[in-house]
Amino acid sequence: MKISISNDLAAVDALAVICFEAGDQPAADAEPAGQNGWLAELRASGEFTGKLYEAVTLYRPQGVSAKRLIVIGGGKGGTFSQIEMRRIAGVLVRLVRGKGVKSIALSLDEQYATPELAAAAVEGALLANWEPDRYKSDPKKDEKRIDSLAVVAGNAAALAKAIERGRTIAEGQNFARDLINEPGNKLTPAVLAEQARSMAAAQGLACEILDRDAMETLGMGALLGVAQGSTNPPFLIVLKYRPEKPAGSDHLALVGKGVTFDTGGVSIKSADGMEKMKYDMAGAAAAIGAMQVIAQLKPAIPITAYVPTVENAVGGNAQRPGDIVTTLSGKTVEVLNTDAEGRLILADALTYAKRNGATHIVDAATLTGAIAIALGHYNVGAFTNNQALLDKLLKAAGSAGEKMWQLPMDDEYKDYLKSVFADLPNIGGRYGGSITAAWFLKEFADPTPWVHLDIASTAWLDDPKPWLAKGPSGVGVRSFVELACAWT
Ligand code: BES
Ligand code: ZN
Ligand code: ZN
């Protein structure tokens, strides 16, 4: 989708204006003031109240030169933020896509024409234009896409940079969604590594890919134990961004769980819904997508992404419950459940990140089903061994419009992680499953300041939203990028 700043509305297929609940805000004028008699009429009809995300299409109303005018509800103006703006732009795109509309314009009233809101509008439109239809053979699918979005605002020139930033971020998030959407037969660990490598080459990032031999030499027994049941070999993808002039001595590591398919292994998952487990590399996709954006926005802090990628398969050589593996850290782990594989591959990646100079680590992982029980589908679960780092990340997530909620890491929870035969088991008991998973990771992250994001319940939309397709959400990309750009 082409993004521009324009005031030439005659050519667009649909012009959108945001109007608020009557009495809360003056309505935005679509075109020169005084010509929006259509709004009064529309409100009087009762078909439009201004409720958030409500949308009505008018054809060539008086004083509007575009073919269609889409009136979208902004709710109560006082609570309007970039979260609503992102969704409003998304609602607009998904309302008109597939209806012969190729070019749209979104008019921003003066008070809403801020850089943050303009960037959010661009992000929302691009994210909404994405569909998980790569493997559909419908020759018309591309015709449904919107080709161009013009942001219409009085101070348009002042918004140019923000609009470009919004485009870059949304493209990174859509790249992550493309990767997540790939099924397990198409996106093996080798293919994920190749995708990361070509992105890095295109963006000027350094890229190193460790193969099985390299990981054996290093002693990544936990990662390799998970991988051994699959004929698709594992990799550890390392992507490096180095600023020209680093602002300090901090070095941020982004770590993402890259299980290209999770059958559960010998502790096999039930068949119902197992197809969704192609998304078990959503943390990896968030890290790789964020690196694509970071390479372009060029924050002042060095950042390295570490992406362990494996397939958790059932096979003659698959690891068994009871197996004991030696991690890169030297700690031994008793694998009580082969389905708790994410923490095993992350354990070695965290140790490797620390050894390679990370001063701060943030990981994203579709780690536990239990996080959906704890938080539902609206908040990412956040865990830390360092409150200052988590506070920084929560602030970044707030600015990026991604919801996160901190869960406790009290020492008592560690008592759930007891193994008779090794240093640690890879599962806790029945209770606090997301917390024991995080505690397991903490054993490898300590003492480096670290945040763990459990995105198992937020990385995939089981149902479409009016502003977003069903399928991968790309959660994490925007927070990672904002954390990097706002780092001080
Ligand atoms: N990839 C899953 C997490 C998951 C499970 C995401 C269900 C979405 C829905 C992870 O590898 C896993 O299987 N975790 C187990 C851990 C358990 C064995 C302690 C889980 O959550 O059931
Ligand atoms: Zn699993
Ligand atoms: Zn998994």
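Let's start at a metal. Six donor atoms surround the zinc ion (ligand 3), and the angles they subtend run from 77 to 173°, which makes the arrangement octahedral. For six octahedral donors, the ideal angles are 90 or 180 degrees. One caution before going on: this is a predicted model.

Which residues supply the protein donors of this zinc ion (ligand 3)? They are Lys257 through NZ, Asp262 through OD, Asp280 through OD and Glu341 through OE. Their distances from the ion are 2.0 to 2.4 Å. Along the chain, the spacing of the donor residues reads K-x4-D-x17-D-x60-E. Now place two of them. Lys257 sits in the loop between strand E9 (252-256) and strand E10 (258-262), and Asp280 sits in the loop between E10 and helix H8 (282-297), so this pair ties together parts that are 23 residues apart in sequence.

The zinc ion (ligand 2) is 3.2 Å from the zinc ion (ligand 3). Which residue coordinates both? Asp262 does.

Look at the protein donors of the zinc ion (ligand 2). They are Asp262 (OD), Asp339 (O), Asp339 (OD) and Glu341 (OE). The sequence spacing here is D-x76-D-x1-E. Why is this arrangement called irregular? The six donor atoms around the zinc ion (ligand 2) subtend angles of 70 to 167°, which makes it irregular.

On to the sheets. One is an open sheet of six strands. Reading across, the order is E1-E6-E5-E2-E4-E3, and the pairing is mixed. Which strands are at the edges? Strand E1 (2-5) and strand E3 (55-59), each of which pairs on one side only. On average, neighbouring strands of this sheet are turned by 20° against each other, direction ignored.

Go inside this sheet. Strand E2 (residues 14-19) and strand E5 (residues 103-107) run parallel, joined by four bridges. Find Leu15: its bridge partner in E5 is Ala105.

Helix H1 (residues 37-45) touches E2, E3 and strand E4 (68-73). The direction of H1 makes about 55° with that of E4. H4 also packs on the sheet, touching E1 and strand E6 (148-152). The direction of H4 makes about 165° with that of E1.

Stay with H4. Helix H4 covers residues 156-181, 26 residues in total. From its first C-alpha to its last, H4 reaches 35 Å, close to the 38 Å expected at 1.5 Å a residue. Where is the kink in H4 centred? On Ala162, with a bend of about 30°.

Another open sheet has three strands, in the order E12-E13-E17, again with mixed pairing. Its edge strands are strand E12 (324-326) and strand E17 (424-425), and each pairs on one side only. Strand E13 (residues 332-334) pairs with E17 in the parallel sense over two bridges. In that pairing, Glu334 stands opposite Pro425 in E17.

Now some backbone details. Asp446 and Pro447 are joined by a cis peptide bond, with omega about 0°. Pro447 is in the loop between helix H12 (433-445) and strand E18 (450-454).

Next, positive phi. Tyr53 has a phi of about 70°, although it is not a glycine. Tyr53 is in the loop between H1 and E3. Lys298 is not a glycine either, and its phi is positive at about 50°. You will find Lys298 in the loop between H8 and strand E11 (303-312).

Last stop: Arg145. Arg145 lies in the loop between helix H3 (115-128) and E6. How many residues separate Arg145 and Lys102 in sequence? They are 43 residues apart in sequence, yet 7.0 Å apart in space, C-alpha to C-alpha. Leaving out residues up to four places away in sequence, Arg145 touches Arg97, Val101, Lys102, Asn129, Glu131 and Asp133.

Methods
Residues are numbered from 1 along each chain as its sequence is written. Chains are lettered from A and ligands numbered from 1 in the order in which they are written. This is a predicted model: local features need pLDDT of at least 70, side-chain atom pairs count only at pLDDT 80 or more; totals for chains, interfaces and linings use all residues. Side-chain values use heavy atoms; hydrogens and water are left out. The expected span of a helix is 1.5 Å times one less than its number of residues. The bend at a residue is the angle between axes fitted to the seven residues ending there and the seven starting there. Two strands pair if DSSP finds at least two bridges between them. Axes are lines fitted to C-alpha atoms, for helices over the stretch in contact, and angles run from 0 to 180 degrees between N-to-C directions. Contact means heavy atoms within 4.5 Å. Donors are N, O and S atoms within 2.8 Å of the metal (3.2 Å for Na, K and Ca); water is not among the atoms, so sites may look incomplete. Four donors count as tetrahedral if all angles lie between 85 and 135 degrees; four count as square planar and six as octahedral if opposite donors are over 155 degrees apart and all others between 65 and 115; anything else is irregular.
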